[in-house]
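Here are my notes on this one, point by point. Have the structure open while you read.

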Amino acid sequence: MKKISLVGCGTIGREIANAIYRKIIPAKLVAIYDINPESCRRLKKKLNDISNGVKLPAVCRTLRDAIRPSDIVVECAGQKAVREIAAVAFPMKKDLFVMSVGALIRWNDIIKRAKKNGCRVYFPSGAIAGLDAVAAASLGKVDSVRLITRKPPKSLGLDISREKTVFRGRARDAVRNFPANINVAAALSIAGIGQEKTQVEIIADPKVQTNTHRVEITGDFGRITTCTENIPSPTNPKTSYLAILSAIAELRKIVE
Ligand SMILES: NC(=O)c1ccc[n+]([C@@H]2O[C@H](COP(=O)([O-])OP(=O)(O)OC[C@H]3O[C@@H](n4cnc5c(N)ncnc54)[C@H](O)[C@@H]3O)[C@@H](O)[C@H]2O)c1
């Protein structure tokens, strides 16, 4: 059974740990780490309630200690953490599962370093649908890939009554300007035609209650349009519930 270390015990980290202990993800959770040690302690206590005698993960004081006993490091902590983990995990020949996918296009040496060390980097489709078709389409000629994200203005720090485009441009720049909430643009770029060619529009829209992602692709294959209307997770309104479920589904595939 694959051994997982978890970095980041917030909304997504807790749900992934929970899915491991509920045997939805057939793996062992061997270590947990968070810059806020209280988050680790709280998670361990919760896992204790459902562990049914299964060994609890070690609560680690350093990233290195957390990474050492694992086969796969699961990041649920933020873009900077991805960089920190990559620096430690790849020389130790550990694979990496990334939630903060934006980091992979912000620092494109991460994937290169993984390859150099014979390690794999995984990421989930997150809050959008159809990445499999995007990857397939990109093997042929693709004319355009567009992501149109609509968000409630409040979530972008705006108080407006009419819709307003807050960003229009390359995925590469979207990820830099909205690092906390544009992982979908990164995932779409990596699966498809890359961060320079993937076009992103972020709209503050008072008509939407939740984050909505529309993906439009045209090419020799024809045309794909998908639209995902996401319900936020109850504990972190910035994180879509579908993103959590997609992480669990993807991890399950990887470790099986
Ligand atoms: N791929 C996707 O579709 C998708 C969707 C939602 C969120 N995300 C990303 O996943 C990440 C986690 O989201 P969340 O909702 O669980 O956030 P959260 O804020 O609920 O939890 C993050 C946790 O990570 C910890 N942390 C922060 N920096 C750290 C570091 N350097 N090392 C160790 N721990 C650290 C925090 O203390 C916190 O407990 C975020 O970066 C978010 O952007 C990705």
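1. Let's begin with Val82, which sits in helix H4 (residues 79-89); helices (H or I, at least four residues) and strands (E, at least two) are DSSP runs, numbered from the N terminus. Val82 is buried, its relative accessible area being 0%. The cut-offs here are under 20% relative accessible area for buried, over 50% for exposed, and partly exposed in between (1.4 Å probe, protein chains only). Leaving aside neighbours within four places in sequence, Val82 is in contact (heavy atoms within 4.5 Å) with Glu75, Leu96, Val98, Ser100, Ala103, Leu104 and Ile110.

2. Some ground rules. This is a predicted model, where local features need pLDDT of at least 70 and side-chain atom pairs count only at pLDDT 80 or more, while totals for chains, interfaces and linings use all residues. Residues are numbered from 1 along each chain as its sequence is written, and side-chain values use heavy atoms, with hydrogens and water left out.

3. Now the inside. A nonpolar core means a set of buried Ala, Val, Leu, Ile, Met, Phe, Trp, Tyr and Cys residues joined through side-chain atoms within 4.5 Å. The largest one has 50 residues, and those with the most contacts inside it are Ile85, Leu131, Leu147, Ile182, Leu188 and Val200. Helix H9 (residues 183-191) gives the largest share, 6 residues. This core lies between domain 1 (3-126 + 240-255) and domain 2 (131-229), because both give residues to it; the domain bounds come from an automatic or database domain assignment.

4. There is also a second, separate core of 28 residues, with Cys9, Ile16, Ala27 and Leu43 among them.

5. On to charges. With a salt bridge taken as a side-chain nitrogen of Lys or Arg within 4 Å of a carboxyl oxygen of Asp or Glu, the count comes to 16. One of them pairs Glu216 with Arg146, the closest N and O atoms being 3.2 Å apart. That pair links distant parts of the chain, since Glu216 is in strand E10 (residues 212-219) and Arg146 in strand E7 (residues 142-151), 70 residues apart. Arg146 is partly exposed, at 32% relative accessible area.

6. Glu250 and Lys253 also form a salt bridge (3.5 Å, N to O). They are 3 residues apart in helix H10, so about one helical turn separates them. Elsewhere, salt bridges with shared partners join Arg146, Arg168, Glu201, Arg214 and Glu216 into one network.
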